[in-house]
Amino acid sequence: IGIMNNYETVLILNPVLSEDQVKESIDKFKDLLSSNKATLVSDELWGLKKMKYSIQNKKTGFYVLFEFKSNPELISDLEINLKRDERVMRFLTVKLDKHAINYSEKRRTKKEVIQK
């Protein structure tokens, strides 16, 4: 199977998308991960947020966070797919170290407690 690293990807989707199109983009990303044998840890739609500077003449965007475990080789394929998707304005993928993994687990647990 090889080495499985923890990663986090944040996407900024075009603000003109409908709710269905945003969900479609999220599902497309999830399918891409699962088809490449990656394990999705969590996904969060942060909603429409204002950005510090405009991207493609837009001042807002839908922010989406994905946390997943995968082989390092998957990341380049993943980023190529994100670049090709016209709905994705920006993205950033980061490899998480043990401290970041602990932090994100605590953050998720705290969020689950708040939602209940």
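User: Which residues does N14 touch, and what makes these count as contacts?

Analyst: In this predicted model, N14 touches Q56, K58, F62, R87 and M89, leaving out residues up to four places away in sequence. They are called contacts because heavy atoms lie within 4.5 Å. N14 itself is placed in the loop between strand 1 (5-13) and helix 1 (19-35).

User: Why is N14 called buried?

Analyst: The relative accessibility of N14 is 10%, and buried means under 20%, so N14 counts as buried.

User: What makes strand 2 and strand 3 a pair, and what lies between them?

Analyst: Pairing requires at least two bridges, and 11 bridges join strand 2 (residues 39-55) to strand 3 (residues 58-70), so these antiparallel strands meet the criterion. L45, for example, stands opposite V64 in strand 3. The two strands form a hairpin with 2 residues between them, and Q56 in the turn has a positive phi of about 55°. Strand 3 also pairs with strand 1, in the antiparallel sense, over 9 bridges, and here I12 stands opposite Y63.

User: Why are strand 2 and strand 4 said to stand at the edges?

Analyst: The open sheet has 4 strands in the order 2-3-1-4, with antiparallel pairing. Strand 2 and strand 4 (88-95) each have a single partner strand, so one side of each is left without a neighbour in the sheet. From one strand to the next, the twist averages 20°. Helix 1 lies across strand 1, strand 2 and strand 3, and runs at about 25° to strand 3.

User: What makes a set of residues a nonpolar core, and which members of the largest one touch the most others?

Analyst: The term applies to buried residues of the nonpolar types when they are joined through side-chain atoms within 4.5 Å. The largest such core has 19 residues, of which L11, L13, F29, L33, F66, F68 and L78 touch the most other members. Strand 1, helix 1, strand 3 and helix 2 (72-84) each give two or more residues to this core, and helix 1 gives the most, with 5 residues. Apart from this core lies another, of 5 residues, among them I12, M51, I55 and M89.

Definitions and conventions: Residues numbered from 1 in each chain as written. Predicted model: local features only at pLDDT ≥ 70, side-chain atom pairs only at ≥ 80, totals over all residues. Heavy atoms only, no water. Buried < 20%, exposed > 50% of the residue type's maximum accessible area, 1.4 Å probe, protein only. Axes fitted to C-alpha atoms, helices over the stretch in contact; angles between N-to-C directions.
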